[in-house]
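Biologist: I would like to learn how to read a model of two chains, starting with the interface and then going on to single residues. Could you take me through it?

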Protein chains: 2
Amino acid sequence: MALHPQKKVTASTSSPLETLSARLKGDMAAVNAIVLERMQSDIPLIPQLAGNLIAAGGKRIRPMLTLAAAALFDYKGGRQHKLAACVEFIHTATLLHDDVVDESDQRRGRASANALFGNEAAVLVGDFLFSRSFQLMSEDGSIEVLRILSDASAVIAEGEVMQLSTANDLETTEAQYLKVISSKTAALFAAACEVGAFVAGASPERCAALRDYGANLGIAFQISDDVLDYAASEQRLGKSLGDDFKEGKMTLPVIKALSNATTAERAFWQRCMADERQEDGDFAQELAFMRKHDAFNASLADARKYAEKGRAALALLPDSALRGELEALITFAVERDF
Amino acid sequence: MALHPQKKVTASTSSPLETLSARLKGDMAAVNAIVLERMQSDIPLIPQLAGNLIAAGGKRIRPMLTLAAAALFDYKGGRQHKLAACVEFIHTATLLHDDVVDESDQRRGRASANALFGNEAAVLVGDFLFSRSFQLMSEDGSIEVLRILSDASAVIAEGEVMQLSTANDLETTEAQYLKVISSKTAALFAAACEVGAFVAGASPERCAALRDYGANLGIAFQISDDVLDYAASEQRLGKSLGDDFKEGKMTLPVIKALSNATTAERAFWQRCMADERQEDGDFAQELAFMRKHDAFNASLADARKYAEKGRAALALLPDSALRGELEALITFAVERDF
């Protein structure tokens with residue numbers, strides 16, 4: 001039979017995320033079934049609101065990491081499915097809580113779950129999913145898994161609060177930014193990888209290597225995300241650009257552009273980011289300043305260093321096709337344009 | 001040496017809550033130390049916001065139940081202290097999330113943590129405390145404790161969402177109200193008692209009896225709370241009356257007053273509770289309708305039935321001074337005027 005050369009071309013041009021999705025298709029279907037089953041409740045608003053967010057999809061990169069980590073050690077059991085669902089629930093709860101809007105934000109008219117259902121409902125459904133995650137862990141029965149994921153949850157909350165504290169603060173340093181993203185993003189990537197390796201019975205050294213890979217992937221992914229919030233083609237990202245700018249969020253490209261800013265530029269950043277008094281044309285102006293100081297390339301250069309560290313962590317493991325795909329994923333996390 | 005008769009008089013006139021507090025003073029000090037230590041974080045806003053709420057005190061009735069349940073079985077270990085702190089953290093997180101205000105609410109100017117620090121911070125610090133609770137459980141190391149407390153957390157969230165769904169809905173039934181308070185309040189009272197008995201090594205039957213006591217105490221306590229929100233002396237409650245009325249919360253006295261309402265009264269409830277169009281004098285008018293239909297006494301009569309069930313659950317245990325104090329506590333939960 002022919003190899004369907006056209007299909008082959010499609011496959012070879014697919015992203016590493018698609019390649020991994022294809023490899024882990026059966027596992028992901030099992031995870032999705034658990035997610036759908038466990039977001040159910042007698043209280044109709046819960047599946048309605050949670051389903052709205054979960055159906056929207058997203059990349060599902062975190063649960064996929066748990067599955068990939070387990071597969072990397074040839075795990076044949078089924079524990080990784082429930083734990084990947086735990087990871088997805090924690091992530092979904094975080095999204096719901098992250099979008100909680102104060103009065104001033106609400107005026108900007110974000111069409112989040114919070115805008116649709118109200119802050120209170122979004123927060124409480126987030127709590128429900130968070131609790132569901134810990135119920136699933138109790139069913140899994142491992143205190144070590146509970147330790148890994150409850151530690152990650154606490155660190156995520158700390159990162160989110162720190163991000164709130166540094167918003168609008170032009171003095172925010174690169175070190176503070178790194179602490180924020182290491183906490184709010186990389187902690188769950190790391191934990192997702194670690195629990196996958198752990199249930200597969202990997203040695204402590206290999207669990208640590210997977211954790212290390214996840215943490216560096218998370219940092220690289222978030223830096224790239226923060227660059228894309230300014231620089232992506234609006235169409236490909238599927239969401240409006242400049243959200244971070246509007247919120248005065250101190251991300252890496254801003255910090256880099258600020259570090260070399262002239263007095264006039266600094267006054268501009270002060271007005272737009274610190275005072276949040278933005279006018280038409282500010283976003284274009286700010287992009288011009290970023291390009292002038294090469295802030296996007298400098299940020300992505302940093303991201304590439306973390307990608308390199310992540311690949312180095314994987315090098316501790318035996319070579320395999322899956323390992324190669326995880327290496328490709330971390331490169332993709334930086335180089336993607338959506 | 002004399003028995004300090006004056007002290008004795010003070011003790012005999014103190015509330016059952018004070019008697020229990022005095023008995024468990026050393027244990028409560030240990031719990032408070034854990035709470036203070038574990039709410040710390042490198043991110044200053046976290047202890048600042050959490051401390052604000054925790055310092056405000058409250059009755060600390062939930063952690064005390066864990067301590068009392070463990071003491072009832074002569075437990076000599078120290079696990080109950082961490083677990084009582086877990087219970088207190090879950091409760092504090094719930095309070096922070098329960099107070100999340102939407103735009104319309106914020107105008108009423110509640111001086112909650114949310115009003116002081118903003119919705120986002122309050123939600124994220126709630127998440128932090130919630131995560132801390134699960135970290136403490138991982139340190140304790142019992143999957144059964146995790147099961148009890150994660151089940152309670154999920155049920156609490158369901159109860160809170162259901163309460164949101166029934167707000168402003170004049171068709172809310174007593175059965176729905178009971179489901180709401182069984183979930184949002186009684187589930188944590190029950191779990192607090194159960195984990196105390198469990199770590200003390202009580203038999204499954206006795207753990208179930210304690211759980212039963214806690215659940216009935218929680219229902220009785222919440223019905224009384226809902227009556228007091230209308231009927232308490234403002235000075236003794238230490239908070240303004242009528243919050244439930246302002247929010248259109250369908251509590252038992254409202255449901256009872258509605259069930260016998262005339263057409264004119266129903267129109268009044270429709271305007272005030274369903275449409276939330278309230279005018280000066282409405283609160284006094286609504287109190288008059290409640291008194292006319294004896295809604296407070298009818299509600300408290302229901303609460304007394306749950307108190308009776310709670311006392312019956314305790315009757316399965318050997319008689320002791322502490323058991324007597326827990327019996328007195330459930331009576332006090334209904335009969336208190338603050």
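Modeller: Begin with the contacts between the chains. This is a predicted model, and in it 46 residues of chain B are in contact with 46 residues of chain A.

Biologist: How much area do chain B and chain A bury between them, and what share of it is on carbon and sulfur atoms?

Modeller: The pair buries about 4,100 Å², and 65% of that lies on carbon and sulfur atoms.

Biologist: How many salt bridges does the rule find across the interface of chain B and chain A?

Modeller: The rule finds two across this interface. D42(A) takes part in a salt bridge with K179(B), where the closest N and O atoms are 3.3 Å apart.

Biologist: Which elements give two or more residues to the side of chain B that touches chain A?

Modeller: They are α4 (45-55), α6 (79-98), α7 (103-106), α9 (119-140) and α10 (143-166) of chain B. The largest share comes from α9(B), with 15 residues. By residue class, this side of chain B divides into 20 nonpolar, 13 polar and 13 charged.

Biologist: Can we look at one residue of that helix? Where is S131(B) found, and is S131(B) buried or exposed?

Modeller: S131(B) sits in helix α9 of chain B. Its relative accessible area is 0%, so S131(B) is buried, the cut-off being under 20%. To see what surrounds such a residue, set aside its neighbours within four places in sequence and list the contacts. For S131(B) these are F130(A), S150(A), S153(A) and A154(A).

Biologist: And a second case in chain B: what does C193(B) touch, not counting residues up to four places away in sequence?

Modeller: C193(B) touches L65(B), A69(B), L210(B), R211(B), Y213(B) and G214(B). The residue belongs to helix α11 (residues 174-199) of chain B and is buried, with a relative accessible area of 1%. Distance in sequence and distance in space are read separately: C193(B) and A208(B) are 15 residues apart in sequence, and their C-alpha atoms are 9.3 Å apart.

Biologist: Now chain A as a whole. How many helices and strands does its secondary structure come to?

Modeller: Chain A has 19 helices and zero strands. Of its 338 residues, 56% are buried. Chain A exposes about 13,800 Å², with 53% of that supplied by carbon and sulfur atoms.

Biologist: What share of the contacts in chain A with a separation of 6 or more comes from residues 24 or more positions apart?

Modeller: Such pairs account for 77% of those contacts.

Biologist: How many salt bridges does a search of the whole structure find over all chains?

Modeller: The search finds 50. One of the pairs in chain A is K292(A) with E265(A), whose side chains meet at 2.4 Å, N to O. K292(A) lies in helix α17 (residues 282-292) and E265(A) in helix α16 (residues 263-274), so this pair ties together parts that are 27 residues apart in sequence.

Biologist: Of the two partners, is K292(A) buried or exposed, and is E265(A) buried or exposed?

Modeller: K292(A) is exposed at 53% relative accessible area, whereas E265(A) is buried at 3%. Another salt bridge joins R271(A) and E279(A), with the closest N and O atoms 3.7 Å apart. R271(A) counts as buried at 18% relative accessibility.

Biologist: Which residues are linked with E37(A) in a network of salt bridges?

Modeller: R38(A), K82(A) and E139(A) are linked with E37(A) in that network. Within it, E37(A) and R38(A) form a salt bridge whose closest N and O atoms are 3.5 Å apart. E37(A) is exposed, at 51% relative accessibility, while R38(A) is buried, at 19%.

Note on methods:
Residues numbered from 1 in each chain as written. Chains lettered and ligands numbered in written order. Predicted model: local features only at pLDDT ≥ 70, side-chain atom pairs only at ≥ 80, totals over all residues. Heavy atoms only, no water. Contact = heavy atoms within 4.5 Å. Buried area = accessible area lost by both parts, 1.4 Å probe. Salt bridge = Lys/Arg side-chain N within 4 Å of Asp/Glu carboxyl O. Helix = DSSP H or I, 4+ residues; strand = E, 2+ residues; numbered from the N terminus. Nonpolar A, V, L, I, M, F, W, Y, C, P; charged D, E, K, R; others polar. Buried < 20%, exposed > 50% of the residue type's maximum accessible area, 1.4 Å probe, protein only. Areas by Shrake-Rupley, 256 points an atom, 1.4 Å probe, with all protein chains shown as cover.
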